[in-house]
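This report is meant for a reader meeting the structure for the first time.

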Amino acid sequence: MINMTYTEEKNKDCSLENITITYCDRLVQITCDDALKNYLEAPGNGALQLSAHILAEYKKRRESELNISQDSLAIEILAHVYSDSFAEAVSAAGSHLPAVLGRAVHKLMKQVMLHTEIIDCGESAVDNNRWIWDGLMPFKNIIYGILGDRA
């Protein structure tokens, strides 16, 4: 069972290991930071458990279902969290490249990280990327297998 404290006036769901989740109409926003990464790395946690919690909490708060499947939501979370980690690793490796190339790699990876700070998980009517996460669902066993307990 996931324990949360609630800040209703901001419509945020905070303190699941300090993860910040904001519930909007047909959309949830998850802050992709160390709190989320630490949660996913802890034994017994994972994106599937977090997704189940988010979907249940959305229904409770908004009094309607969020039209996103648990797997689609989990895959989106995993893709954003680990794309950010990949960008950090590539950016760090840039110091071993020629200066011009290293700066270009660092700039590109900074752009990747800026686009992963907030994970916007919306229904297809409000999120033009939903098809990507839905389209990856047939590969969920491979994705979850690679990521192990984080899934």
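## Overall picture

Of the 151 residues of the chain, 42% count as buried, where buried means under 20% relative accessible area, exposed over 50%, and partly exposed in between, with a 1.4 Å probe and protein chains only. This is a predicted model, in which local features need pLDDT of at least 70 and side-chain atom pairs count only at pLDDT 80 or more, while totals for chains, interfaces and linings use all residues. Residues are numbered from 1 along each chain as its sequence is written, and side-chain values use heavy atoms, with hydrogens and water left out.

The chain has 6 helices and 5 strands, which are DSSP runs numbered from the N terminus (H or I and at least four residues for helices, E and at least two for strands). Along the sequence these elements follow the pattern β-β-β-β-α-α-α-α-β-α-α. Among contacts (heavy atoms within 4.5 Å) between residues at least 6 apart in sequence, 64% join residues at least 24 apart. The accessible surface of the chain, found by the Shrake-Rupley method with a 1.4 Å probe and, for residues, with only the protein chains shown as cover, comes to about 8,500 Å², of which 56% belongs to carbon and sulfur atoms.

## The nonpolar core

In soluble globular proteins, nonpolar side chains tend to be buried together. A nonpolar core is a set of buried Ala, Val, Leu, Ile, Met, Phe, Trp, Tyr and Cys residues joined through side-chain atoms within 4.5 Å. The largest one here has 32 residues, of which Ile-30, Leu-36, Ile-54 and Ile-77 touch the most other members. Two or more residues each are given to this core by β3 (19-24), β4 (27-31), α1 (34-41), α2 (47-62), α3 (70-93), β5 (118-122) and α6 (140-147), and the largest share, 7 residues, comes from α3.

Leaving aside residues up to four places away in sequence, Leu-36 touches Ile-19, Ile-30, Thr-31, Leu-50, Ile-77, Val-81 and Ile-119.

## Helix α2

With 16 residues, α2 reaches 21 Å from its first C-alpha to its last, close to the 22 Å expected at 1.5 Å a residue, the expected span being 1.5 Å times one less than the number of residues. Its buried residues include Leu-50, His-53, Ile-54, Glu-57 and Arg-61. Just after α2, Glu-63 takes a positive phi of about 60 degrees.

## Charged residues around Arg-130

The structure holds 9 salt bridges, each a side-chain nitrogen of Lys or Arg within 4 Å of a carboxyl oxygen of Asp or Glu. Glu-76, Asp-127, Arg-130 and Asp-134 are linked in a network of such bridges. Between Glu-76 and Arg-130 the closest N and O atoms are 2.6 Å apart; Glu-76 lies in helix α3 and Arg-130 in helix α5, so the pair ties together parts that are 54 residues apart in sequence.

Asp-127 also forms a salt bridge with Arg-130, at 3.5 Å between the closest N and O atoms, and both of these residues are buried. Asp-134 meets Arg-130 at 3.8 Å, N to O; Asp-134 is partly exposed at 33% relative accessibility, whereas Arg-130 has 1%.

## A patch on the surface

Phe-139, Ile-142 and Ile-146 make a nonpolar surface patch of about 340 Å². Patches are made of residues with over 30% relative accessible area and no salt bridge, like charges being joined within 9 Å and nonpolar side chains (Val, Leu, Ile, Met, Phe, Trp, Tyr) within 5 Å. Ile-142, in helix α6, is exposed, with a relative accessible area of 53%.
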